[in-house]
Amino acid sequence: MERIITKDPLSKEEIKKIIDYPKIKLIHTSTSIEILEDKKMFSNLKIYFKDENQVNYNTSGTELRKLEYILGDINNKKYRDIIYLSKNNVNMSVTLSSLCSKHNLKIEIIEISDDLDDSNYIISKLYGAKIHKSPEEYAKKLINKIIRDKQKDLIKTYVLNEQSIFNLAGILAYINYGIEIEEQIEKLGLKSPNFWSAEGDTILGLYLYSQLRKLRWNFTYISSSIQYKDIKIKILSALKHLKTDLDFDLSKINIIKENKAILIKEKYKKILILFANTKGLLLDMNSSVKSMFYLMEKIKNNQIKKNEEIVFINSGNFIEIFSDKDIL
Amino acid sequence: MNTEKILKKYKTIPKYNLLNHITPLQNLDKIAKQFDLQNLYVKRDDLTNFLGGEEVRFYEYILPFIKSKNYNSILNVNDYHSNDGIVASMISKKNDLDYFLITKNAAHKHSSGNILISKLFSNEVHSLDEFWSSNIDDYIKRVISDLKKNNFNPILIHKNEEIIFLKSLAYINAAMELNAQFETKKIKKPYILCTLNESFLGLLLASKLFNYDWKFIGIQIESNINLEKMMEIIETKSKELFNIDIIFSSKDLEEKYDVSNDYGVLSEKNKQAILLASEKENILLNPLNDCKILSYVIENTKKLSDKNLIIINTGTNVSIYNYLQNLNL
């Protein structure tokens, strides 16, 4: 380890040095935090709503942040041909395809999920992505075949999932984003915010930022499968890449286990419609609608303290809405 | 009146800030190269806030007007694939206004794309069949009467002369942005290509007010746009506001390209334009209007080859979801 973190917080400049990886700037505006107050929905609480839909309406805010570093890596290594293995990661597929179009890169997506009629995939195709559907067990063989075929034409291929940046980019992005959020939190006068998200990289990146800066930030992570030992492994791996040593306190992260029952999906839809119809906000159907569901359940059951400062992160991308023909 | 005085007067018009950034002027160099065009740019007003599109600029000026007149709701009339229903309904919810939409020729249409989003954000969406669509004025009267009985005081956006003027005023800001972008990119004598509506007239108005050396090509996408009437309204109200005689005429347009027979239809050449823009330039063109501008450019490359062409992309991306299946991807 090159850097040992002392008890003192790192400055923002020091943090920028830690995450100094090749990057292509894709986001040129900050996303706002608006305050939601609604007695029926949130009792007497104020909800601070950070809307990642505001970054760019073609794509997902969360994925766009990751792709700043992934595109930086691709550009740095001078690849033009990309392969992405998707396990129903529709937000990443469509955002990546969009950016490949912009940056003159060729993208092939291997999708192991069955649902290829999804709007995200049609939009990915529109951006010029070549999409292959494959059972999971044949995906690797298919990737190798594509690589071999390209090698015959002396083309080298960047398999995104096999790059170290793939697992690191989201965490880097949200450590970086912590600087913007810290300034907004200060302006709002929040002392001990609790960030809600169902996106792992969002939680882990902001968590690491807060630990490096010694901030009193808390986190609520909604997930169907993640456990504290998984979080610890991910953080240690990220710190190793960042060549940084840090004592961290996982008690700052609260995990809520997502119930995957079908009935819940119907409730998610109701929340999506409620937010659109009363707040003019579109929640991301892949993750944010879930975290909002659990937040509202907790509020309804009086499990949130009156003075709790909830900062809800809407990860962005509304394309999924058009996939569900029965949404209304 | 000199530029400074015009600007001073312009800044007195009440405005809400809904757009907190300058929309990019993107160089479509790959398409330009493919078709031997000297310069082809697009003003990305699809990247305004909310769900994008010209409506965000419009409502910066419409909202204060609505509030000042104590309306508590908005009533609009659109075709089922129109953009106002989605952006305005979203903006109105964020500004404590109720939103009611009457969509023509929408009965029995599947809720996808624009209608889906409109329904998500609106209080009510009235999807009319052919009969009521052709008797729209009667239907509007009935809706207004019902709304008033239920304590709503709606402003009718449709064909409202004040609103037509406010929308065109909103595009004076866009024109000033463009002018600065032209200076930065050293673009001389630009040809502005825009669908014929208030945005177009706002840009034309700005070019007259500030003596910009711009040429205009208007694309008429729907037949019920009464350009002459809108020009009259803007002339009269500009005189009242700026105390300047603004005279519009058909000579202001280098060309008027009429594709109104294809309104709401996605032709093969439109599909090609959409695919070209998305694959090569990372832009989702609106299938109803903006893709028709690019189609026009592609069809007329010879006469446009030495021009600095500026497409004004005023649509939102949502419309593409009306037509996903038609794209045969």
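Guide: In this predicted model, helices are DSSP runs of H or I with at least four residues, and strands are runs of E with at least two. By that count, chain A holds 11 helices and 12 strands.

Visitor: What makes chain A as compact as a globular protein of its length?

Guide: The globule rule, 2.2 Å times the number of residues to the power 0.38, gives 20 Å for 328 residues. The radius of gyration of chain A is 20 Å, close to that value, so chain A is as compact as a globular protein of that length. Along the principal axes, its C-alpha atoms fill a box of roughly 65 × 55 × 35 Å.

Visitor: What share of the residues of chain A counts as buried?

Guide: The test is 20 or more other C-beta atoms within 10 Å of a residue's own. Of the 328 residues of chain A, 44% count as buried.

Visitor: How do you know which residues of chains A and B are in contact, and how many are there?

Guide: A pair qualifies if the C-beta atoms lie within 7 Å. On that basis, 23 residues of chain A are in contact with 28 residues of chain B. Helix 4 (90–102), helix 5 (119–126) and helix 10 (262–279) of chain A each give two or more residues to this side of chain A, and helix 10 of chain A provides the largest share, 5 residues. The residues on this side of chain A comprise 9 nonpolar, 11 polar and 3 charged.

Visitor: Why do strand 1 and strand 9 of chain B stand at the edges of the sheet?

Guide: The open sheet of chain B has 6 strands in the order 1-2-10-7-8-9, with mixed pairing. Strand 1 (25–27) and strand 9 (253–258) of chain B each have a single partner strand, so one side of each is left without a neighbour in the sheet. From one strand to the next, the twist averages 25°.

Visitor: What makes strand 1 and strand 2 of chain B a pair?

Guide: Pairing requires at least two bridges. Asn27(B) stands opposite Tyr41(B) in strand 2 of chain B.

Visitor: Which helix of chain B packs on the sheet by touching strand 7, strand 8 and strand 10?

Guide: Helix 9 (residues 198–209) of chain B touches strand 7 (190–195), strand 8 (215–220) and strand 10 (308–313) of chain B, and its direction makes about 150° with that of strand 7 of chain B. Helix 12 (residues 290–299) of chain B lies across strand 2, strand 7, strand 8, strand 9 and strand 10 of chain B, at about 160° to strand 10 of chain B.

Terms used
Residues numbered from 1 in each chain as written. Chains lettered and ligands numbered in written order. Predicted model: local features only at pLDDT ≥ 70, side-chain atom pairs only at ≥ 80, totals over all residues. Contact = placed C-beta atoms within 7 Å. Nonpolar A, V, L, I, M, F, W, Y, C, P; charged D, E, K, R; others polar. Buried ≥ 20, exposed ≤ 12 C-beta atoms within 10 Å, placed from the backbone. Axes fitted to C-alpha atoms, helices over the stretch in contact; angles between N-to-C directions.
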